[in-house]
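Work through the exercises below with the sequence and the structure open. Each task is followed by a solution in steps.

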Amino acid sequence: MFNLGSMLNLGSTEPVIGRASTIVECSNTELFQYLGDGLFQNYPKWSPEVKELEQITPGPVQLGTVGRQVRVDQGRRSESRFKISDYDIGERLTLIGVSDPFRCSYELQIIDSGNSTKLTFIFELLELLVVMRPFEGLVRAAIKDGAGRTVQNIKRLVEAEKSGPV
């Protein structure tokens, strides 16, 4: 009938989504090894906001692996647990929040006969806290900028690693 959030100017309850793509000069297999197999070693490299990262479940990274992260985003410290919900080798890695409502996906698409890979990163904040809804525009802009930085950081790191020590 009516949207109380709109009437009170609390903002939308729609997910906040940031998406960015880039071309990485390596095979999808190499890129997935960096992102998936090396998740707990490499994630803090491409996302410097991650201050602590630990794998909770033992064994190799795979579907169902659970991790814990501590992040500092724009001065705000947060701790969350996440679970790997998609682990399609060479194609997709998705992390979903266990303790917070988020999802982030790394999608890989083979291009240039397998010599390059299109990397698409999608971050979804599935629910915006009521106190943050008046700042939804700023949150959307920050998430969009963060998605762009993420793909550029991954591209730079993977291509530098592939070319060897400088």
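**Exercise 1: Aromatic pairs**

A search of the whole structure, which is a predicted model, finds 7 aromatic pairs.

Task: Classify the pair formed by the rings of Phe 32 and Tyr 87, and state whether each residue is buried or exposed.

Solution.
- The ring centres of Phe 32 and Tyr 87 lie 5.0 Å apart, and their planes stand at 70 degrees. Planes over 60 degrees apart count as edge-to-face, so the pair is edge-to-face.
- Phe 32 belongs to helix α2 (residues 28-37) and Tyr 87 to strand β4 (residues 76-88); the pair links distant parts of the chain, 55 residues apart.
- The cut-off for buried is under 20% relative accessible area. Phe 32 has 2%, so Phe 32 is buried. Tyr 87 has 14%, so Tyr 87 is buried.

Task: Classify the pair of Tyr 106 and Phe 121 in terms of the angle between the planes.

Solution.
- The distance is 4.9 Å centre to centre, with 40 degrees between the planes, and the pair is tilted.
- Tyr 106 sits in strand β6 (residues 102-111) and Phe 121 in strand β7 (residues 116-125), 15 residues apart.
- Both Tyr 106 and Phe 121 are buried.
- Tyr 106 and Phe 121 also belong to one aromatic cluster with Tyr 34, Tyr 43 and Trp 46.

**Exercise 2: The sheet**

Task: Give the strand order of the open sheet of 7 strands, and find which strands stand at the edges.

Solution.
- The order is β1-β7-β6-β5-β4-β3-β2, and the pairing is antiparallel.
- β1 (16-24) and β2 (50-55) each have a single partner strand, so one side of each is left without a neighbour in the sheet.
- On average, neighbouring strands are turned by 20 degrees against each other, direction ignored.
- Helix α2 packs on this sheet and touches β1, β4, β5, β6 and β7; its direction makes about 160 degrees with that of β6.
- Helix α3 (residues 39-46) lies across β2, β3 (66-73), β4, β5 and β6, and runs at about 170 degrees to β2.

**Exercise 3: Core and cysteines**

Task: Name residues with the most contacts inside the largest nonpolar core, and say which helix gives the most to this core.

Solution.
- The core has 30 residues; Leu 31, Leu 35, Leu 39, Trp 46, Leu 93, Tyr 106 and Leu 119 have the most contacts inside it.
- Helix α4 (residues 136-163) gives the most, with 5 residues.
- Beyond its neighbours within four places in sequence, Leu 39 is in contact with residues including Trp 46, Phe 82 and Leu 93.

Task: How many disulfides does the count come to?

Solution.
- The count is 0 disulfides.
- Cys 26 has 1% relative accessibility and therefore counts as buried. Cys 104 is buried too, with a relative accessible area of 3%.

Key
Residues are numbered from 1 along each chain as its sequence is written. This is a predicted model: local features need pLDDT of at least 70, side-chain atom pairs count only at pLDDT 80 or more; totals for chains, interfaces and linings use all residues. Side-chain values use heavy atoms; hydrogens and water are left out. A nonpolar core is a set of buried Ala, Val, Leu, Ile, Met, Phe, Trp, Tyr and Cys residues joined through side-chain atoms within 4.5 Å. Buried means under 20% relative accessible area, exposed over 50%, partly exposed in between (1.4 Å probe, protein chains only). Helices (H or I, at least four residues) and strands (E, at least two) are DSSP runs, numbered from the N terminus. Contact means heavy atoms within 4.5 Å. A disulfide is a pair of cysteine sulfur atoms within 2.5 Å. Rings of Phe, Tyr and Trp (its six-membered ring) pair if their centres lie within 6.5 Å; planes under 30 degrees apart count as stacked, over 60 as edge-to-face and the rest as tilted. Two strands pair if DSSP finds at least two bridges between them. Axes are lines fitted to C-alpha atoms, for helices over the stretch in contact, and angles run from 0 to 180 degrees between N-to-C directions.
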